[in-house]
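This briefing looks at side-chain contacts and surface features, grouped by topic. Please keep the sequence and the structure in view while reading.

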Amino acid sequence: IWRRAEESNFRAYLAEEEAAMRERVEEEYRQREAARLDEFQRTHSELRGVEAKARQKLHELQAREAALVAEETRIAANAEDSTQRAEVAVQESAKTLCQRVANAQQDLDFAR
């Protein structure tokens, strides 16, 4: 009887120790999972911030590119306009010069 009682007490002690150990292991697991979740959320939040910053920079670059394209187009149009005006001015100058030469020749012919 004494032996059975001791075995029963020992088994109860082992069951208590097992339950306590299980509780400690489960608590450690919960703590590790909570820490892992916190780390995941922090990293996820950082990544969202980096993504937002990258999108903002991309938007800024696209806006700058559009402005550059518009400026290049404006410069090309101004260059073309300037070239056309210069050609017209040269043609008008040549025409005026020809008229002056013709008038001078005519004046010279009348003077003779």
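Helices here are DSSP runs of H or I with at least four residues, numbered from the N terminus. The model is predicted, and in it R42 and E39 both lie in helix α1, three residues apart, which is about one turn of the helix. By the rule applied here, the count comes to 11 salt bridges, and several of them are described below.

- R42 and E39 form a salt bridge in which the closest N and O atoms are 2.5 Å apart.
- E33 counts as partly exposed at 27% relative accessibility, whereas R36, at 55%, counts as exposed.

**A salt bridge between R30 and E23**
- R30 forms a salt bridge with E23, the closest N and O atoms being 3.2 Å apart.
- R30 counts as partly exposed at 42% relative accessibility, and E23 also counts as partly exposed, at 43%.

**Nonpolar surface**
- F10, Y13 and L14 make a nonpolar surface patch of about 310 Å².
- L14 is found in helix α1, which covers residues 2–111, and with 41% relative accessibility L14 counts as partly exposed.

Definitions and conventions. Residues are numbered from 1 along each chain as its sequence is written. This is a predicted model: local features need pLDDT of at least 70, side-chain atom pairs count only at pLDDT 80 or more; totals for chains, interfaces and linings use all residues. Side-chain values use heavy atoms; hydrogens and water are left out. Patches are made of residues with over 30% relative accessible area and no salt bridge: like charges are joined within 9 Å, nonpolar side chains (Val, Leu, Ile, Met, Phe, Trp, Tyr) within 5 Å. Accessible areas come from the Shrake-Rupley method with a 1.4 Å probe; for residues, only the protein chains shown count as cover. A salt bridge is a side-chain nitrogen of Lys or Arg within 4 Å of a carboxyl oxygen of Asp or Glu. Helices (H or I, at least four residues) and strands (E, at least two) are DSSP runs, numbered from the N terminus. Buried means under 20% relative accessible area, exposed over 50%, partly exposed in between (1.4 Å probe, protein chains only).
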